[in-house]
Amino acid sequence: MKAFALMRRRSDGGFSLIELLIVIGILSVLAGAAVPLAKVTMQRQREIELRRSLREIRTAIDHYKDAVDLGVISRASIETENDGYPPDLKALVDGATLLEDETGRKIRFLRRIPTDPFTQDRDWGLRSYQDEPDSNRWSGNNVYDVYSQSNGIALDGTRYRQW
């Protein structure tokens, strides 16, 4: 009688092999569904970061152009073929000397050049005002627009280079 009671206590407290296999199967299905979802979420976050970086650089280019057009920055300090656009992205970080300021203060348009989240580099594709809108080669005259150097395809099916 004592042996029967001991055996009964052991079997009541554990899980059967079938129960363990069912739990492992359910967990593997859930993990299999979570991995693709995590990859899409990470790609979506990088796309948001790319849009933010492009907007930041393009806004700085526009502010530089506005400063030249309003006479805040001297046209003599930039090349005449620039049409008021910065000669390169470094000019947005370095800034330009204010026209009516005897102290030589500069106005800066970017703190730093943002990193492309897909290439992990600060080397952006550049277009000048004289280039074709879909050109992949920069003529070197000025910086009118920027684009990503990534060859990847976005979640919406477009190429990152076309953003």
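These questions and answers walk through a predicted model of the protein above.

Me: What pattern do the helices and strands follow along the sequence?
Reply: The protein has three helices and four strands. Read in order along the chain, the pattern is α-α-α-β-β-β-β.

Me: Which element has the lowest confidence, and which the highest?
Reply: Mean pLDDT for the protein is 85, with 87% of residues at 70 or more. Helix α1 (residues 2–13) has the lowest confidence, at a mean of 56. The highest is at 94, in strand β4 (residues 145–147).

Me: Is Ser128 buried or exposed?
Reply: Ser128 is found in the loop between β3 (125–127) and β4. Buried means under 20% relative accessible area. Ser128 has 1% relative accessibility, so Ser128 counts as buried.

Me: Which side chain makes a polar contact of 2.6 Å with the side chain of Ser128?
Reply: Beyond four places in sequence, Ser128 touches Trp138, Ser139, Asn141, Asn142 and Tyr144. One of these also joins Ser128 through a polar contact between side chains, at 2.6 Å. The partner is Ser139.

Me: Which residue has its backbone oxygen 2.9 Å from a polar atom of the Ser135 side chain?
Reply: Ser135 is found in the loop between β3 and β4. Its relative accessible area is 16%, so Ser135 is buried. Leaving aside neighbours within four places, Ser135 is in contact with Arg127 and Tyr147. The backbone oxygen at 2.9 Å belongs to Arg137.

Me: How far apart in space are Ser135 and Gly125, C-alpha to C-alpha?
Reply: The two residues are 10 apart in sequence. In space, C-alpha to C-alpha, the distance is 9.8 Å.

Me: What kind of aromatic pair do Tyr129 and Tyr144 form?
Reply: The count comes to six aromatic pairs. For Tyr129 and Tyr144, the rings are 5.2 Å centre to centre, with 70° between the planes. An angle over 60 degrees counts as edge-to-face. The Tyr129 and Tyr144 pair is therefore edge-to-face.

Me: Where do Tyr129 and Tyr144 lie, and are they buried or partly exposed?
Reply: Both are in the loop between β3 and β4, 15 residues apart. Tyr129 has 46% relative accessibility. Tyr144 has 40%. Each counts as partly exposed.

Me: Why is the pair of Tyr160 and Trp163 edge-to-face?
Reply: Both Tyr160 and Trp163 are buried. Their ring centres are 5.1 Å apart. The pair is edge-to-face because the planes lie at 80°.

Me: Which residues form one aromatic cluster?
Reply: Tyr129 and Tyr144 already form a pair. The cluster also takes in Tyr85. Its members are Tyr85, Tyr129 and Tyr144.

Key:
Residues are numbered from 1 along each chain as its sequence is written. Side-chain values use heavy atoms; hydrogens and water are left out. Helices (H or I, at least four residues) and strands (E, at least two) are DSSP runs, numbered from the N terminus. pLDDT is the predictor's confidence in each residue, from 0 to 100. Buried means under 20% relative accessible area, exposed over 50%, partly exposed in between (1.4 Å probe, protein chains only). A polar contact is a pair of N or O atoms within 3.5 Å; within protein, one must be able to donate a hydrogen and the other to accept it, and residues adjacent in sequence count only if both atoms are side-chain atoms. Contact means heavy atoms within 4.5 Å. Rings of Phe, Tyr and Trp (its six-membered ring) pair if their centres lie within 6.5 Å; planes under 30 degrees apart count as stacked, over 60 as edge-to-face and the rest as tilted.
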